[in-house]
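Take a look at the model first, then read on.

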Amino acid sequence: MTDRSAWLARRKRISEIIEVGNDQDWPSRLYDVLNALAIVLNLTASILYTFAQVRARWGGALLTLEHITVAFFAVDYCLRLWTARCLYPKLSEPRAVSAYALSFSGLVDLFSFLPYFLPIFFPAGAVAFRMFRVVRIFRLFRINAYYDSLNVITQVVASKRQQLLSSVFIILVLMLASSLCMYSLEHEAQPEVFSNAFSGIWWSVSTLLTVGYGDIYPITTMGKLFGIVISFLGVGMVAIPTGIISAGFVDQYSRVKRLSRYANEADLRFVQVELSRTDPWTGRTVRALDLPSGILVAAIQRSGRTVAPGEDTKLRAGDTLVLGAKPLDDDLEL
């Protein structure tokens with residue numbers, strides 16, 4: 001084996017370890033546990049440090065724990081940059097690194113540790129950099145990748161993103177329209193409360209989203225009637241995204257049953273394929289498999305559970321794929 005082949009094999013092995021592993025790959029599973037533990041400890045230390053009594057007694061230990069976990073995040077980010085080519089095998093080295101660095105997870109990984117080191121080089125911006133530390137809360141999505149039940153949430157939101165964006169757009173339009181209408185109805189009676197066209201935004205938010213703080217409210221008859229109408233509309237507006245997400249969960253969990261029913265109607269046949277670490281499909285998403293139109297991934301058996309595959313579901317070593325395809329014709333001679 002040449003030096004370059006050994007280097008590529010080492011990089012691929014590191015990629016297998018830092019990415020979500022399987023029960024048979026103990027180094028990968030151990031790294032998954034360490035990664036999740038570092039995230040939880042970092043957030044726990046950050047929250048506890050905000051309590052004065054805890055900070056006075058354990059402040060030094062909490063800061064030390066935070067520094068250790070931040071250093072772990074920095075090393076993890078560097079390893080992911082180094083192995084980005086394995087994550088995006090179809091891209092060149094520079095483009096693979098850019099694809100990871102500019103992705104949502106890459107940006108979250110970067111801001112998990114970068115704000116801690118920036119004040120060293122730019123002391124004047126220490127306060128502003130401290131605000132970016134809030135981004136580390138999104139690193140909890142790393143834990144989401146370790147559990148298929150949590151992964152369903154990401155798949156549902158991704159599959160229903162167009163409907164969710166449409167519902168959010170409708171809410172924003174209704175919010176702006178109700179604010180303008182309430183300003184027209186209440187400005188003369190309450191000039192200090194509804195002082196301009198946008199002063200009713202807070203009222204419309206609390207009413208449409210059924211929060212109802214009661215600090216801004218109409219006092220005229222027409223304003224109260226309009227407020228009742230907006231309150232009823234608010235109940236419906238909140239129910240729209242809730243219904244979309246609920247329907248997405250139902251679709252996701254019933255996908256395997258629909259595929260089985262379709263297989264019976266279309267006379268499909270199924271085969272099982274178990275993936276190993278050396279298989280080219282390992283580490284790829286279902287979308288990246290580029291299967292012919294006549295073949296479908298009906299289900300994924302993983303750690304004793306059946307997973308409904310989505311286009312963004314990443315295949316792991318140890319997975320058993322259930323592939324469906326039409327059978328051979330009876331009159332076909334081999």
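How many aromatic pairs does the structure hold? The structure holds 5 aromatic pairs; rings of Phe, Tyr and Trp (its six-membered ring) pair if their centres lie within 6.5 Å, and planes under 30 degrees apart count as stacked, over 60 as edge-to-face and the rest as tilted. This is a predicted model, in which local features need pLDDT of at least 70, side-chain atom pairs count only at pLDDT 80 or more, and totals for chains, interfaces and linings use all residues. Residues are numbered from 1 along each chain as its sequence is written, and side-chain values use heavy atoms, with hydrogens and water left out.

**Tyr77 and Tyr100**
- The ring centres of Tyr77 and Tyr100 are 5.8 Å apart and the planes are at 40°, so this pair is tilted.
- The pair links distant parts of the chain, with Tyr77 in helix 3 (residues 52-82) and Tyr100 in helix 5 (residues 93-101), 23 residues apart; helices (H or I, at least four residues) and strands (E, at least two) are DSSP runs, numbered from the N terminus.
- Tyr77 is buried at a relative accessible area of 8%, and Tyr100 is buried at 3%; buried means under 20% relative accessible area, exposed over 50%, partly exposed in between (1.4 Å probe, protein chains only).

**Helix 3 and helix 5**
- The axes of these helices come within 9 Å and cross at roughly 140°; axes are lines fitted to C-alpha atoms, for helices over the stretch in contact, and angles run from 0 to 180 degrees between N-to-C directions.
- Helix 3 is therefore oblique to helix 5, since angles under 35 degrees count as roughly parallel, over 145 as roughly antiparallel, 65 to 115 as roughly perpendicular and the rest as oblique.
- Tyr77, Arg80, Leu81 and Trp82 in helix 3 meet Glu93, Val97, Tyr100 and Ala101 in helix 5, where contact means heavy atoms within 4.5 Å.

**Trp203 and Phe226**
- Trp203 and Phe226 form a stacked pair, 6.4 Å centre to centre with 25° between the planes.
- Trp203 lies in helix 12 (residues 201-208) and Phe226 in helix 13 (residues 221-253), so the pair ties together parts that are 23 residues apart in sequence.
- Trp203 is buried, at 3% relative accessible area, and the buried residues of helix 12 also include Ser204 and Leu208.

**Another ring group**
- Ring pairs join Tyr31, Phe72 and Phe73 into a cluster.
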